[in-house]
Every structure is written in structure tokens, then in C-alpha cells.
Amino acid sequence: MKKTLSIVLSVLVMGIFSPASANTIKWSMPGDSLTLDPHAQNEGPTHMVSRQVYEGLVTPGINMEVLPQLAESWTTTADDTWIFNIRRGVTFHDGSSLTAGDVAFSINRAKTAPSDMVDLIKSVKSARAIDDHTVEVKTDGPNPILLNQLTQIFVMSEAWSKANGCEASYNWDAGETSYCASNANGTGPFEITFREQDVRTVFEKNNNWWGNHYTHNIDKIELLPIKNDATRVAALLSGEIDYTNVVPVQDIKRIDSSMGHAVKMTPQNRTIFFGMDQGSAELNSSNIKGKNPFADKRVRLAMYHALDMDAIKDKVMRGQSVPAGIITAPGVNGHTAARDKRMAYDPETSKRLLAEAGYPDGFEVTLDCPNDRYINDEAICVAAISMFAKIGVKVNLDAKTKSQHFSEVKEGDANGMTSDMYMLGWGVPTFDSHYVYSYLFESSGSWNKVNFSNARVDELVAAMGVETDLDKRNAMIAEAWDITQEDVTYLPLHHQVVNQASKSNVDVPIRMNNEPLFRFAKVN
Amino acid sequence: MFSYFFKRLFQAILVMIVVAFVSFSLFNFVGDPVISLTGEDSSVERQAEVREAIGLNDPVYVQFSRFLGNVIQGDFGISYQLKREVSDLIAERMPATLELVFVSALLAIIVGVILGVYTGIHRDSFVSNIILVVSLAGVSLPTFIIGIMLIYLFSVILGVLPSFGRGEVIDLGLWSTGFLTASGLKALILPSITLSLFQMTYVIRLVRAEMMEILQTDYIKFAKARGIKKNTVNYKHALKNGLIPVITITGINIGTLIAFSIITETVFQWPGMGLLFINAVYFVDIPIMSAYMIMVAFIFVMINFIVDITYYFIDPRIRIKDEMS
């Protein structure tokens with residue numbers, strides 16, 4: 001009854017008070033935000049929604065540069081102490097004013113379990129408000145990428161959170177449901193006025209936003225998730241939605257050729273690659289017993305030269321990929337064009353290297369591949385397998401749904417067998433190589449399932465985590481890449497490409513992490 | 001009479017317990033919910049924390065009895081991903097699925113019976129053959145292809161029907177309905193056609209076969225010989241008797257419709273239980289998956305139980321057999 005009444009009332013109000021033409025963008029993507037609680041899920045679509053209504057101390061700009069947001073300025077008074085000066089005149093959507101207390105509360109909430117942001121800011125030891133507009137953050141040692149990490153931490157109102165029972169991000173033990181999961185109260189340019197999960201979320205312009213001198217002319221956004229690719233494209237073509245940031249590659253041409261629509265693209269900060277277990281004594285799925293072919297660098301190099309990524313780009317990705325020579329994307333600190341230049345596709349060299357390494361007849365191995373996580377993941381694996389066959393390496397494909405694939409790669413399958421060769425994609429939200437190193441190359445890296453272990457690399461990773469002199473740090477990063485590229489630890493495939501499609505009069509700037517910022521959008 | 005009922009009731013309860021056990025086992029055998037919960041780049045300590053918090057470390061029988069106790073009280077736990085009560089989620093989504101299934105079943109029966117009667121009476125006419133061939137498409141084309149084709153025809157090219165969603169929905173407290181708004185009714189058209197097609201085909205062929213058989217029987221011949229009007233013979237006598245198996249099949253098929261609605265709901269972004277279930281599978285959200293299994297099993301079991309009971313009263317042969325034993 002209440003909902004009917006509010007629908008009727010809002011229709012009436014909108015009829016009386018709305019401007020002659022309210023600029024609305026109907027936005028669609030396959031998934032919906034899982035929760036409106038900005039600390040509860042470190043997940044793509046969830047943060048995309050939070051990014052429109054909540055703000056952080058700092059934020060990534062259109063080109064992923066770190067910009068001040070709720071913090072106007074900051075200084076470091078010691079290696080482990082940061083002072084942030086909080087912007088004045090900022091209010092939450094419920095009208096209350098933003099103070100440093102809210103910032104400190106939010107950082108502490110985000111770094112305490114059961115928040116999902118705990119791992120991201122574990123270097124933060126404490127956050128406290130020195131006065132109403134100053135926050136002191138202490139870290140456990142120098143952290144040169146603290147700002148990058150803080151771009152993912154949103155600020156909530158302490159009073160509102162406590163009043164609504166969500167002082168903690170979620171309480172598993174008590175089994176309670178959270179008010180903050182279905183309601184939002186941020187400082188951002190839009191506020192959420194309607195929320196029905198998987199159906200419709202309505203954002204309306206926050207007329208009291210501190211940044212309203214920005215020129216955006218969006219009055220309303222409606223998020224209408226549509227899971228099925230073909231249906232989403234149909235809805236775009238029929239005019240039922242205005243903008244989508246997930247476009248199936250096979251429909252790009254179709255949308256582009258439609259008179260009233262446009263497609264934009266940009267390389268994504270996610271790279272797809274194969275991992276080869278080089279550390280185990282023997283491969284589980286191979287016919288070679290007593291030794292591990294992947295332990296020999298010549299074999300890994302042979303596998304690299306066997307891949308024709310231009311053919312895959314052309315036939316499998318329909319042009320929507322950027323063949324890679326390094327497993328991190330342009331824009332990430334440590335990436336250079338020279339490093340990203342791929343070695344030649346050269347099956348003859350592959351065969352020669354295999355023979356030299358003692359495998360003139362090749363060998364067998366199983367490739368583990370997800371089939372619903374990355375763009376055309378299974379199709380890429382199938383194509384790669386036929387390429388490996390040409391050099392004599394018989395690869396068997398084991399493709400499965402992402403939840404099974406990742407748990408098997410991380411922990412081994414039901415019998416405890418680890419993966420010999422697997423596909424993985426790695427995005428870098430902090431735009432710094434340290435993120436890649438700590439997970440994929442460090443001996444104890446939680447996603448280093450190729451069992452790569454190099455003492456010098458471990459030293460470098462530890463050092464780059466705390467080095468504040470940028471030149472010294474970049475030199476460490478460069479040295480680490482020298483070692484690992486030489487080692488051919490992983491087989492880089494390509495950087496994914498982000499595609500967005502919209503009506504021709506709707507202009508949403510495209511960004512590398514595929515996160516739309518509607519405060520920079522325009523409806524013409 | 002009571003022994004018949006109790007036997008059926010006992011069987012129903014047994015089935016539910018087995019289903020409950022299977023859906024409980026999901027918790028141990030399907031993917032790893034911990035990584036789904038904490039993300040790929042979470043630390044080992046964090047994962048161990050979460051594993052303990054959701055009770056994955058207790059022995060199996062403890063977990064199962066806890067599970068059974070909760071389910072009986074209607075508590076299906078809290079969704080791992082959405083962090084809301086699963087029973088709330090199901091209650092929210094059920095009206096959408098049930099309305100879709102109801103309209104599809106109605107469509108399948110009405111159109112199926114009409115066309116079945118027509119093709120039964122005019123066995124070899126040209127129109128009958130067209131109907132039979134086209135109805136084959138309903139069974140052989142996968143549901144999602146039919147759905148996408150309808151979307152492209154009616155939404156993209158003609159622009160007359162919506163391609164996704166339920167339209168405007170009126171909230172009546174416990175139930176949200178799309179029947180009372182124009183956009184809600186328009187949104188129902190394509191998904192219900194898509195979902196009803198395969199059942200429609202079965203009904204057409206079933207009614208056709210029944211009609212053809214009944215029209216050969218003696219009592220029909222005598223009725224015709226007596227001079228009773230053709231329409232009366234066909235509809236009042238033949239069809240009425242031919243409908244009994246249709247009722248049984250339809251009752252059972254409603255369960256199948258609910259199962260197939262997963263695909264239709266995914267194609268049309270219909271916010272029902274099927275879409276909820278599919279999303280839960282992607283995220284390994286086991287509370288939702290197991291709750292869905294139990295709900296669907298419950299609906300199947302209940303419908304079959306009702307059909308069995310109704311049959312007891314409709315078909316005298318069952319009553320006699322029961323009384324004799």
C-alpha cells in the first residue's frame with residue numbers, strides 16, 4: 001500500500017515540479033549491485049553503483065589519475081603518518097554535515113571484518129579525527145600507494161550508520177540483515193530514491209552536492225540490469241535503454257551501424273594470461289613422468305612462440321583485444337610500451353626449443369579454463385589449444401564455471417591435485433605493479449599458482465612496498481619486470497578491451513576500468 | 001480412504017526429506033562460497049575467518065540437523081552475496097514467477113485444447129497439418145531462441161512490446177501483481193508465449209490423439225446415428241471425456257513450467273525465482289540455491305498430492321481398488 005501511494009505521489013510531484021524535459025539515462029549492465037553498503041562487497045558492479053552516490057577522500061578521475069574528493073589536500077608528517085584536510089560545506093543526502101569523524105569512522109569500518117575491503121587497506125593501522133576537519137591516518141610503515149587504495153574506500157555518515165544498526169559492515173554471527181544493504185546515504189552527486197534488486201535502481205540528482213559547479217546535465221539515472229546479452233542489445237536498439245557498459249563483441253558492428261547509436265572502446269586495465277606450473281617436480285596431468293616440462297624455460301618460451309595472438313584477436317575477439325607482451329596493462333605504473341611488445345609468433349622456433357629441451361615429440365597437459373568470467377574465455381582457450389597442437393604439445397581442455405575454476409586453481413580440485421596450466425585475468429585497481437607482484441610473483445603470493453619462487457624478486461617486492469622515493473621504487477619495479485619477463489613465468493595473451501554502447505545523444509566518458517562516472521556525462 | 005491419503009502423505013514427506021538432504025549437501029560439494037564471499041584477492045586468514053563464521057567447520061550431522069530445524073520454521077538462512085533473508089527474497093520473487101507460470105499454463109491449455117480439438121476433428125486438412133508442423137517448432141526450438149526471436153520481432157523491429165522486465169507492478173502487500181497495469185500486461189505477453197509453447201504442443205497432440213480415439217468409440221457412433229447435432233457430439237461428449245488426461249498432465253507440467261521458467265526469466269530479465277536462482281549459481285550463493293530446490297520440490301510434491309487426491313474423487317476405479325484392498 002505504501003509503495004502504491006508513493007508511486008502515485010511521486011508521479012504527481014514529478015508531473016507538477018519536473019522541468020519540461022528531465023534528462024534521464026537508462027543504464028544497463030548484466031549484473032546488479034549486490035549491496036548498497038559500500039564496504040560489504042569489493043566487486044565491480046557494486047562499486048559502480050556506490051561510486052555515483054558515495055565519495056572517498058580521493059577518487060580516480062576519468063583517466064584513472066588520483067584526484068582530491070572529500071579531502072582537499074594532504075601531507076605526510078612522517079613515513080607512516082598522513083594528515084588529510086577535509087573539505088568544508090559537504091552534506092550527506094540526509095542533510096547532515098560531513099565531519100572528520102565520519103571519515104575516521106568509515107576508514108575504521110572498512111578495515112574491520114566483516115568488511116570486504118579489509119585486505120585492500122590492511123596497511124592502515126588507525127584513523128582518527130584530530131578536529132572537525134582534519135583526519136590523521138597511520139600506516140604500518142611507509143605505503144606509497146595508500147592514496148590509490150583509499151580511492152576505493154567510501155565515506156559514510158557515522159550518526160546515520162549507528163542509528164540504523166549498521167555500525168559494522170555485516171554481522172555474520174548475529175545473522176542480521178542490514179539496513180545499509182538496501183539504503184544509501186552518501187555525499188555524492190546522485191542519491192538513490194528507489195531500489196529493487198535486479199530490477200530497477202533510480203538515482204536522482206543531488207541538488208545540494210558540493211561539486212555542482214561541474215557541468216553535468218543529468219537529472220536522473222535508472223539502472224535496469226539485463227543479464228542476457230542478446231536481450232540487452234535488443235533493449236538498446238529498441239530504445240528501452242540508453243547506455244550500457246558491457247557490450248558483447250559480436251554485436252558491436254550491429255550497434256555501430258544503427259543510425260541512432262554509437263560505440264566507444266578503450267583498452268581495459270585487465271590482462272589475460274596462462275600460468276604454467278614450473279615449481280612442481282612432476283605435472284599431474286602430463287604423460288611425462290619423473291620431470292616437469294614447464295620447469296625448463298625453453299619449454300615455456302616454446303609455448304609463448306606458439307601463440308598467434310593476432311589471429312585470436314581477429315577471429316575470436318573480432319578485433320576487440322590488444323595482444324600483450326607483459327601481464328599488466330598500459331596505465332599501470334611499471335608498464336612500458338617496450339615491455340609490452342610481444343615476441344614473434346614462431347612455431348618453428350617453438351619446435352626447435354622443445355627438441356633442445358628434450359621433448360622432440362612434445363608432451364600432454366591439461367589446461368584449466370573458466371567459461372563465464374572473461375570475454376570469450378573458453379573460445380580463446382580452444383583456439384590456443386589448436387595452436388599448441390601444431391608444435392606437438394597436446395593440450396586437453398577442462399573448461400568450467402568461474403566459481404569452480406577459481407577454487408580449483410587456488411586450492412586444487414576435489415582430489416587435491418593442483419592445476420598444471422590455467423587461464424587467469426588480472427585487473428589492477430591501484431594502477432601500480434606492486435599489486436601484480438604481491439599476488440602473482442611473490443613466493444607467498446596468494447595467486448602465484450605457478451610455484452614461481454625467486455629470492456631477488458621477493459626482496460624487490462618487499463622493498464617496493466615501503467619505498468617512498470619514486471625513482472628508487474620505479475627502478476625496483478623495472479628490475480622485477482626484467483627478471484620475470486626473462487623467466488617467461490606467465491604467457492601473456494592480451495589486454496581486454498572495454499566497450500560501451502549508447503544512444504548517439506548520450507555521452508558517457510569511457511574509462512579503463514569500465515566504471516561510468518555519470519557526473520561527467522551529458523545528454524544532448 | 002484414509003489409508004490412501006496417509007500413504008500419499010507419507011510418500012510426500014519422504015520425498016521432501018530426501019530433497020532437503022540433497023540440497024543441504026550442496027553446501028559441501030558445489031564450488032567454494034568462501035572465495036565468492038571474500039573475493040579472489042583476499043588473504044588466507046580472512047577466508048578462514050569467514051569459513052568459521054558461516055559454520056563450514058562443524059561436523060556434517062550437526063550442520064544438517066541445524067539446517068532441517070531452520071527449514072521447517074521457514075528460515076532458509078541469509079544469502080551469502082545479498083546478505084538478506086532468503087525467505088524474504090523468495091517471497092518477493094515468487095509472485096513474478098507464479099504469475100508468469102499461471103498465464104503460460106492458461107495459454108497452453110486454452111490454445112492447446114482449441115487447436116487440439118480442431119486437428120482432432122479435421123484430421124487431414126491442410127490447416128491441421130500446418131498447425132501440427134508449426135507446433136513441432138514449439139518443442140524443438142530451444143526456449144531462449146524463441147524468446148530472442150520474439151524480442152527482435154516485437155521490440156526491436158515493430159517496437160510494440162517491451163523486451164525485458166515486468167513493467168509497472170502494483171504492490172498489494174504480500175503480492176505484487178502486473179495484471180493491473182497496461183505495461184504489466186504488455187510485459188507478460190512475450191515471456192508467457194515463450195514459456196507456454198512447449199507445453200502447448202503437448203496439449204495439442206494429446207487432445208488430438210484423445211479426440212481421434214474417442215470419435216471412433218461406439219457411444220459416439222450411436223450418438224451420431226441418433227442424430228445428435230455434430231457440435232454437441234464433438235464438444236459436449238467427446239471433448240469432456242478427452243480432457244481427463246489433459247488435467248493430469250497439466251498439473252504435473254506446472255512443475256516443469258516453473259523449472260523451465262529459469263531460461264525464460266533470464267532471457268526476459270523477469271524478476272522471478274528462476275533469475276534469482278541463476279544469479280545464485282554464478283555466485284555460489286548456496287542458501288538461495290538450496291532454498292530454491294526445496295521450494296520447487298515442495299511445489300511439485302504438493303501439486304502431485306492434490307492431483308492424486310482429486311483423482312481419488314474423480315476416477316471411481318481408484319476408489320474401488322482402495323476399498324477392495
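Let's start with chain B: of its 325 residues, 38% count as buried. Buried here means that 20 or more other C-beta atoms lie within 10 Å of the residue's own; 12 or fewer makes it exposed, anything in between partly exposed, and the C-beta atoms are placed from the backbone.

Some ground rules. This is a predicted model, so local features need pLDDT of at least 70 and side-chain atom pairs count only at pLDDT 80 or more, while totals for chains, interfaces and linings use all residues. Residues are numbered from 1 along each chain as its sequence is written, and chains are lettered from A and ligands numbered from 1 in the order in which they are written.

Back to chain B. It has 13 helices and two strands. The C-alpha trace of chain B spans about 85 × 65 × 35 Å along its principal axes. Next, contacts, meaning C-beta atoms, placed from the backbone, within 7 Å. Take those in chain B with a separation of 6 or more: residues 24 or more positions apart account for 70%.

One helix pair in chain B. Helix 5 (residues 86-121) and helix 10 (residues 230-268) have axes that come within 9 Å and cross at roughly 145°. Axes are lines fitted to C-alpha atoms, for helices over the stretch in contact, and angles run from 0 to 180 degrees between N-to-C directions. The crossing of helix 5 and helix 10 of chain B is right-handed. That is the clockwise case; left-handed would have the near helix turned anticlockwise from the far one by less than a right angle. Who makes the contact? On helix 5 of chain B, the residues include B:Leu100, B:Val101 and B:Ile109. On helix 10 of chain B, they include B:Leu239, B:Ile254 and B:Leu257.

Now chain A. It has 16 helices and 19 strands. Its C-alpha atoms fill a box of roughly 80 × 60 × 45 Å, taken along the principal axes. A compact globule of 524 residues would have a radius of gyration near 24 Å; chain A has 25 Å, which agrees. That radius is taken over C-alpha atoms, and the globule rule is 2.2 Å times the number of residues to the power 0.38. Buried residues make up 49% of chain A.

Next, strands. Strands of a sheet pair through backbone hydrogen bonds, either parallel or antiparallel. To count as a pair here, DSSP must find at least two bridges between them. In chain A, four strands form an open antiparallel sheet in the order 4-5-7-6. Its edge strands are strand 4 (71-78) and strand 6 (124-131), each pairing on one side only. The twist averages 20° from one strand to the next. Inside that sheet, strand 5 (residues 81-86) and strand 7 (residues 134-139) of chain A run antiparallel and share five bridges. There, A:Ile83 has A:Glu136 as its bridge partner. Helix 3 (residues 100-110) of chain A lies across strands 5, 6 and 7, at about 170° to strand 6.

Elsewhere in chain A, look at strand 1 (residues 24-28). It runs parallel to strand 10, with four bridges. Four of the five residues of strand 1 are buried. A:Ile25 has A:Ile221 of strand 10 as bridge partner, and A:Lys26 stands opposite A:Glu222. Strand 1 of chain A also pairs in the parallel sense with strand 11 (residues 243-244), over two bridges.

What about the two faces of strand 10 (residues 220-223) of chain A? A:Ile221 and A:Leu223 form the covered face, A:Lys220 and A:Glu222 the uncovered one. Strand 9 (residues 200-205) of chain A pairs with strand 10 in the antiparallel sense, over four bridges.

Last, the cores. A nonpolar core is a set of buried Ala, Val, Leu, Ile, Met, Phe, Trp, Tyr and Cys residues joined through C-beta atoms within 7 Å. The largest has 126 residues, and those with the most contacts inside it are A:Ile25, A:Val103, B:Val203 and B:Ile288. Helix 8 (residues 182-214) of chain B gives the most to this core, with 14 residues. Apart from it lies another core, of 67 residues, among them A:Val299 and A:Met512. As for A:Val103, beyond neighbours within four places in sequence, its contacts include A:Leu57, A:Ile86 and A:Val135.

Terms used:
Contact = placed C-beta atoms within 7 Å.
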